[in-house]
Structures are given as C-alpha cells and as structure tokens.
Amino acid sequence: MLRILLTIVLPLALWVWAFIDCLVAPEDEVRHLPKPIWLIIVLLFPPLGPIAWLAAGKRRGFLRTGAPDGQPGRPAGGGPAGYGGARGGRPPAPDDDPEFLASLGNGSLKGNDKDHEDMLKQWEADLRRRERELRGGDEPEDGRKS
C-alpha cells in the first residue's frame, strides 16, 4: 500500500497540482520561460516537470513583491507612493503617502474652507439669535452681563 502511495498517488497529485498552478498563474509571475513552454514541460516530463515548475517557474513569497525587472527587495512602482515593496503590494496609508499629503496643502481645498467658515459664522449668528430669544433680550449681544 505504501509503495502504491509513493510511486503512483503522490507523483500524480504533484503533477496535477503543478499543472493547475501553472495554468492559473498570472503571466507576470512566470519566470525564465514563457507560460506555454512551462505547461508543455509540466505535461511531458511528469516527475521532473512539476518539480522544475515549483522550484524555478513561478515567483513565490518575497520575490512576488519585487520590482518588475525581478530584483527582490526593491519596491515595484519606483516611488514613495508606488505600490509594492515591504508591505506586500498594498498601497501606503494616506498619512504615509507624500503625494497625498502634498495635495492637501495645494489650495484645492481652500474654497471648501471658505464655505465652511461662512457656514460656521451663520450657525454662530443663529445660535446668538436663539439665545437672545430664549433669554428675552435682557443680555447684550456680545454675551457679557452688565
């Protein structure tokens, strides 16, 4: 029974798994040879093809976050706001993104600030008016008691 497991079942499972892995792998993760060539190697050379695919055919782990030229450890995207790098391909948080932080101070929100200030002044004036109405008008408008 162990002999059947080691000589038939495990190699067959490895062969099927490597073939499916090779088939669904994105083109940018396939290394050294084109994807169709890897498929042929995995299919035609059952004991060695799947092992070669698993060892050298696909980027795995840390190498997947490397630059497009295959250099590990360099962030893909090239800039501080680029995707990739040590964070596993995720974009940086807004407070860590220099481009986002620079966009906050470039004047694009200045119109909104002016609108918010006007709205705040209207609310304050409305609040003062309501306070005068509730008190019956016995206090001065600036809020100080006489």
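Modeller: Let's start at W53, which is buried, with a relative accessible area of 0%. Keep in mind that this is a predicted model.

Biologist: Okay, how do I read "buried" here, and where is W53 found?

Modeller: Buried means under 20% relative accessible area, so W53 at 0% qualifies. W53 is found in helix α3.

Biologist: Which residues does W53 touch, leaving out those up to four places away in sequence?

Modeller: W53 touches A18, D21, C22, A25, V30, W38, V42, K58 and R60. Take D21: 32 residues separate it from W53 along the chain, yet their C-alpha atoms are 9.0 Å apart.

Biologist: Let's zoom out. What pattern does the protein chain follow?

Modeller: Reading along the sequence gives α-α-α-α-α, with 5 helices and 0 strands. Of its 146 residues, 17% count as buried.

Biologist: How do I read which side of a helix is covered? Which residues of α2 are buried?

Modeller: The general idea first: an α-helix has 3.6 residues a turn, so residues three or four places apart point the same way. In helix α2 (residues 35-44), the buried ones are K35, W38, L39 and V42. They sit on the same side of α2, because their arc around the axis is only 100 degrees.

Biologist: And how do I read helix packing? At what angle do α2 and α3 pack?

Modeller: You look at the axes, then at who makes the contact. Here α2 and α3 (residues 48-57) pack at about 145 degrees, with axes 7 Å apart. From α2 come W38, I41 and V42; from α3 come G49, P50, A52, W53, A56 and G57. That contact has 7 nonpolar residues, 2 polar and no charged.

Biologist: Now the charges. How many salt bridges are there by the rule used?

Modeller: The count is 4. One of them joins the side chains of K114 and D118, at 3.6 Å from N to O. Those two are 4 residues apart in helix α5 (residues 110-135), which means about one helical turn between them. K114 is partly exposed at 48%, and D118 is partly exposed too, at 31%.

Biologist: Which residues are linked in a network of salt bridges?

Modeller: D126, R129, R130 and E133. Within it, R130 pairs with D126 at 3.2 Å between the closest N and O atoms, and E133 pairs with R129 at 2.8 Å. E133 and R129 are again about one helical turn apart in α5. As for accessibility, E133 is exposed at 53%, while R129 is partly exposed at 35%.

Conventions
Residues are numbered from 1 along each chain as its sequence is written. This is a predicted model: local features need pLDDT of at least 70, side-chain atom pairs count only at pLDDT 80 or more; totals for chains, interfaces and linings use all residues. Side-chain values use heavy atoms; hydrogens and water are left out. Buried means under 20% relative accessible area, exposed over 50%, partly exposed in between (1.4 Å probe, protein chains only). The arc is that of the directions from the helix axis to the C-beta atoms. Axes are lines fitted to C-alpha atoms, for helices over the stretch in contact, and angles run from 0 to 180 degrees between N-to-C directions. Contact means heavy atoms within 4.5 Å. Ala, Val, Leu, Ile, Met, Phe, Trp, Tyr, Cys and Pro count as nonpolar, Asp, Glu, Lys and Arg as charged, and the others, Gly among them, as polar.
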